[in-house]
Every structure is written in C-alpha cells, then in structure tokens.
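Hi everyone, thanks for coming.

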Amino acid sequence: MDTKLRGDIAEQAAILHALKRGWGVLKPVGDRLAYDLAYDVEGTLIKIQVKYAWFDQPSGNYVVDNRRTKTNRRLMVRVAYKKSDFDFALVYIEKLDLFYIFPVDVFISYGSEIHFVETDKRQRKPRSAKYRDAWELILQTVVSKESKENYPDLPVEFVQGNF
C-alpha cells in the first residue's frame with residue numbers, strides 16, 4: 001500500500017470519527033494547503049492535519065513523520081510545519097482504529113518523528129499517551145475560541161477555566 005492510499009484511509013477515518021460526533025467536515029479542493037480537513041464544531045472551524053502512523057518492526061512502535069512532505073516528479077522535500085498551518089494533527093493507527101489528537105504546538109515540538117507505544121512494555125507512559133483518543137481537546141479549543149470571541153475583555157485565565 002503506497003503512502004497516498006494510507007493518507008486517504010486516515011482522512012476517511014478522521015471524517016467518519018467527526019461525523020459520529022455530530023461535527024461537520026469540510027475538505028479543501030486539491031492538496032496545496034497545510035491542512036487536510038476542517039471540522040465545523042458548533043459553528044467554529046478547526047483546521048485538521050491527518051497523518052497515518054506505520055508500524056516499525058525494530059522498535060515495536062507505531063511511527064509518524066511530523067513534517068510536511070512536498071513532492072514533484074523528481075524531488076521530495078520535507079519541511080517543518082508552522083503553528084499557523086493547522087489547529088490539530090490527528091495521527092491514525094489503522095490496526096487499532098485509533099487517533100492521537102495533538103494540538104499543533106505539541107505536534108511540531110517533536111523532532112522529525114513521533115513514536116507511539118501501544119504495549120505495556122514501558123514502566124512510564126510516553127509523553128504522547130495523554131493525546132491518545134483525546135477528542136475532548138478539540139471541544140475545549142472550540143469553547144475557548146467562542147469565549148474569546150464573545151467575551152474579548154475576559155482575562156485569559158477565566159477563558160481557559162483557570163480561575
């Protein structure tokens with residue numbers, strides 16, 4: 001299975017998971033943008049980058065490259081994403097029908113790859129564990145954006161619920 005097909009599978013799974021939550025899904029025309037989908041969650045648009053994680057036999061982990069890949073017929077270039085490129089990266093593990101939901105700043109803070117440990121072989125959980133099926137992060141972002149738009153004079157602590 002080639003990487004384009006894997007990407008298509010991950011995108012379709014991301015669409016299905018969003019629809020099951022009652023969210024709208026928008027798909028940009030072409031693949032020039034830094035995001036693959038947009039979710040319409042309660043009227044707020046959230047830009048989504050979707051990645052497919054592959055299984056790495058030597059490490060026993062699932063792995064994803066967290067860089068943008070641009071290709072033409074002769075050249076493949078990997079470029080780091082910017083914070084403004086999308087709101088969330090969804091990393092799909094097909095075998096488990098599982099997503100890791102990363103806010104963009106967390107996703108781009110990793111090196112070139114992120115490894116996902118899906119066994120209990122480690123004594124402590126990896127940093128990525130708290131993003132496993134963390135769909136609520138998208139809802140929290142929507143609430144935060146709505147609060148900022150509707151109540152621009154509120155202190156940041158109040159909007160984030162840290163009061």
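This is a predicted model: local features need pLDDT of at least 70, side-chain atom pairs count only at pLDDT 80 or more; totals for chains, interfaces and linings use all residues.

Strands in a sheet pair through backbone hydrogen bonds, and they can run parallel or antiparallel. Here, 3 strands make an open sheet, in the order S4-S5-S10, with antiparallel pairing. Strand S4, residues 54-56, and strand S10, residues 113-116, are the edges, so each of them pairs on one side only. On average, neighbouring strands are turned by 40 degrees against each other, ignoring direction.

Now look at S5, residues 61-65: it is joined to S10 by 4 bridges. Which residue in S10 is the bridge partner of Tyr 62? That's Phe 116.

Phe 116 also turns up in the largest nonpolar core, which has 42 residues. Together with Tyr 39, Ile 48, Leu 90, Phe 102 and Ile 138, Phe 116 touches the most other members. Strand S8, residues 88-93, gives this core its largest share, with 6 residues.

Last stop: Asn 66, in the loop between S5 and strand S6. Is Asn 66 buried or exposed? Its relative accessible area is 4%, and buried means under 20%, so Asn 66 counts as buried. What lies around Asn 66? Beyond its neighbours within four places in sequence, Asn 66 is in contact with several residues, including Tyr 81, Phe 107, Gly 111 and Glu 113.

Conventions
Residues are numbered from 1 along each chain as its sequence is written. Side-chain values use heavy atoms; hydrogens and water are left out. Two strands pair if DSSP finds at least two bridges between them. Helices (H or I, at least four residues) and strands (E, at least two) are DSSP runs, numbered from the N terminus. Axes are lines fitted to C-alpha atoms, for helices over the stretch in contact, and angles run from 0 to 180 degrees between N-to-C directions. A nonpolar core is a set of buried Ala, Val, Leu, Ile, Met, Phe, Trp, Tyr and Cys residues joined through side-chain atoms within 4.5 Å. Buried means under 20% relative accessible area, exposed over 50%, partly exposed in between (1.4 Å probe, protein chains only). Contact means heavy atoms within 4.5 Å.
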